[in-house]
Amino acid sequence: MLLTANEYISLPEIRDDALVLSMNFLSMRHKGMLEVLGREGLVSWRIMVDGAEVPLSGSLESFWIPTFRFSSGGLSGRLEYIAALGHRALCMAVSMSNASSSAMEVDLHMLFDACRVMHTVNESKKIDLERRIGLSSWSSMPLFGFFDPYPAFSIALYGKEPKAWSFDDEGRSVFHDSIIVGAGEEKVVELFIGLGFEEVAAVTSCRECERWGVDHLRSELMGYIARVGVACEDDRLERTINRNLLFCLFFSTGITLDTEELVSVTSRSPRYYVSAAYWDRDALLWAFPAICLADGSKARRLLMYAATRQAANVGTHSRYIDGTVLEPGFELDELVSPVIAIGEYIDRTCDVSILDEPDVRRLVAVILERLEAWHDAGTGLYATFLQPTDDMTRFRFLTYDNVLVWKALTLLSSWDFAGKGTSFASMADDLKRAVDGQCVHEVDGLDQFVWAVDGKGGHEVYDEPPGSLVLLPALGFCNTDDMVYVNTLHRIMDPSYEYSFIGHRFAAIGCAHAPHPWVLSMANSIRALKDEAMVRRLCDAPLDDGIVCESIDEDTGVVTSGNAFATAAGYVVASLVSFLEE
């Protein structure tokens with residue numbers, strides 16, 4: 001399955017024969033994502049050369065441009081879907097070249113069938129909007145308007161002359177054009193799909209792209225890909241990094257159609273089981289480091305989104321893109337993730353001015369106030385209600401979560417935030433002593449970090465890839481040769497451990513939430529241990545057609561849960577880049 005997107009429009013499911021199953025966009029008014037679908041597909045193509053239909057064969061060019069090649073006799077051609085950067089539009093370009101000694105006729109047939117709209121936040125549900133179809137008074141070309149009863153959104157089709165367009169009896173837009181390609185001649189047909197609040201906005205989205213031209217739009221997109229991309233000597237590693245980097249950049253973020261705000265989401269693909277919603281952890285601990293690597297300006301805008309729209313409910317399980325609560329429940333790792341993200345941003349960009357933003361300072365104040373409410377004076381630890389998998393805790397005090405709090409306090413100290421550097425340093429020191437004293441227990445005769453404690457002597461032997469004990473050295477809490485840490489690794493990676501898949505081809509750690517190797521676990525080992533064998537293993541895994549997912553089969557490497565996991569894709573990319581930098 002191929003995919004592509006720009007800031008406004010996503011095509012999350014494209015078959016190898018160029019059939020586009022759906023397109024979607026984000027809407028603040030609807031607190032999530034709207035998907036547009038057809039009966040058997042949204043966009044379909046049929047191409048004939050001298051009266052005979054030719055098959056289309058799909059691939060990705062430059063990691064992000066779905067391209068479908070066809071040929072017959074001396075004629076060769078390609079169909080491209082170009083998600084134009086910064087535009088509310090998609091471009092479809094058909095290029096044809098005739099190397100034969102005689103002219104050839106190419107018939108292009110395209111169907112556009114926008115007949116269903118789904119509202120998606122975690123789940124996709126059909127919504128009843130009035131559909132009005134017809135020829136636009138602005139372009140004399142097809143227009144699909146959706147109303148409730150005021151305009152909800154419109155989609156315009158554009159390209160060639162109006163006579164090439166029509167509607168069939170089923171309300172599908174039909175494009176048909178017959179082109180004579182002379183001997184030695186090349187020809188290009190450019191079509192556009194535009195999105196807008198209503199007719200004028202949709203049509204002019206197309207017109208602007210037509211005025212720029214497909215060559216310019218393609219060049220602009222490829223230039224961006226070249227700027228943000230990572231070059232590697234290993235082709236498989238380069239493909240894994242760059243495809244998932246672009247997937248993270250465009251599927252874990254997006255600009256809302258109605259308010260034009262840049263927002264963070266779990267994934268703009270409906271194939272991910274909790275798509276189009278906001279998690280502090282997913283946005284700021286996982287996607288954000290890769291976004292910092294690629295695009296510092298976008299990273300700053302996303303921090304400001306976290307400090308404004310999302311600030312009021314920071315630390316709450318999950319939220320809608322407007323910041324209101326989706327799923328309640330307190331999560332300690334989510335509460336402190338904005339501070340960790342600010343640290344990542346400053347390390348990558350050296351832009352310390354972010355600390356002077358009033359909204360950022362207010363956000364940190366809210367975090368500290370809520371942090372204090374979950375502090376336990378008896379143990380010196382901080383409690384949580386939910387674990388990093390969003391599942392219920394057995395014991396309230398998680399080792400990893402408390403180390404993450406220690407990291408946040410250490411960062412605040414290093415910045416002398418609000419002139420309280422000494423106070424934050426003291427809090428961090430106290431917490432480190434509490435973790436070392438409360439969260440280290442003897443297991444099978446060896447001192448180890450345990451997953452969680454109850455503060456009364458009870459402890460839990462376990463681990464979760466979304467917040468793993470493997471990461472303690474990466475957070476600066478201990479060294480990789482610390483014997484307590486070494487013993488911890490041996491225990492959770494031992495084949496006898498229930499969720500260890502050591503000994504299988506794609507060896508990594510799973511957990512109760514998804515009992516197969518997690519791709520995040522593979523990334524944890526790469527990030528914390530610089531595990532070269534794990535890098536090779538990750539590049540060998542089919543994943544979700546090359547895209548990062550939640551978990552994979554331990555023997556085949558094929559996705560078993562969490563398809564199209566956009567924020568995790570960013571975490572994997574950042575871990576691989578940190579390995580290369582080392």
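**Reading buried charges and paired strands**

Modeller: Let's start with Arg281, which counts as buried at 1% relative accessibility. This is a predicted model, where local features need pLDDT of at least 70 and side-chain atom pairs count only at pLDDT 80 or more, while totals for chains, interfaces and linings use all residues. Residues are numbered from 1 along each chain as its sequence is written, and side-chain values use heavy atoms, with hydrogens and water left out.

Biologist: How many salt bridges does the structure hold?

Modeller: There are 33. One of them joins Lys31 and Asp322, whose closest N and O atoms are 2.6 Å apart. These two link distant parts of the chain, 291 residues apart. Lys31 is partly exposed, at 28%, whereas Asp322 is buried, at 17%. In another, Asp544 meets Arg271 at 2.9 Å, N to O. Asp544 is in the loop between helix 12 and strand 29, and Arg271 in the loop between strand 21 and helix 4, so the pair ties together parts 273 residues apart in sequence. Asp544 is buried, at 6%, and Arg271 is partly exposed, at 25%.

Biologist: Now for strands: why is strand 2 largely enclosed by the rest of the structure?

Modeller: Helices (H or I, at least four residues) and strands (E, at least two) are DSSP runs, numbered from the N terminus. Strand 2 covers residues 10-14, and five of its five residues are buried, so the strand is largely enclosed.

Biologist: Which residue of strand 2 is the bridge partner of Ala5?

Modeller: It is Ser10. Two strands pair if DSSP finds at least two bridges between them. Strand 1 (residues 2-5) runs antiparallel to strand 2, with three bridges, and a hairpin connects them through four residues. On to strand 3 (residues 20-27): three bridges join strand 2 to this antiparallel neighbour, with Ile14 facing Val20 as its bridge partner. In that hairpin, five residues lie between the strands, and Ala18 takes a positive phi near 80°.

Conventions: Buried < 20%, exposed > 50% of the residue type's maximum accessible area, 1.4 Å probe, protein only. Salt bridge = Lys/Arg side-chain N within 4 Å of Asp/Glu carboxyl O.
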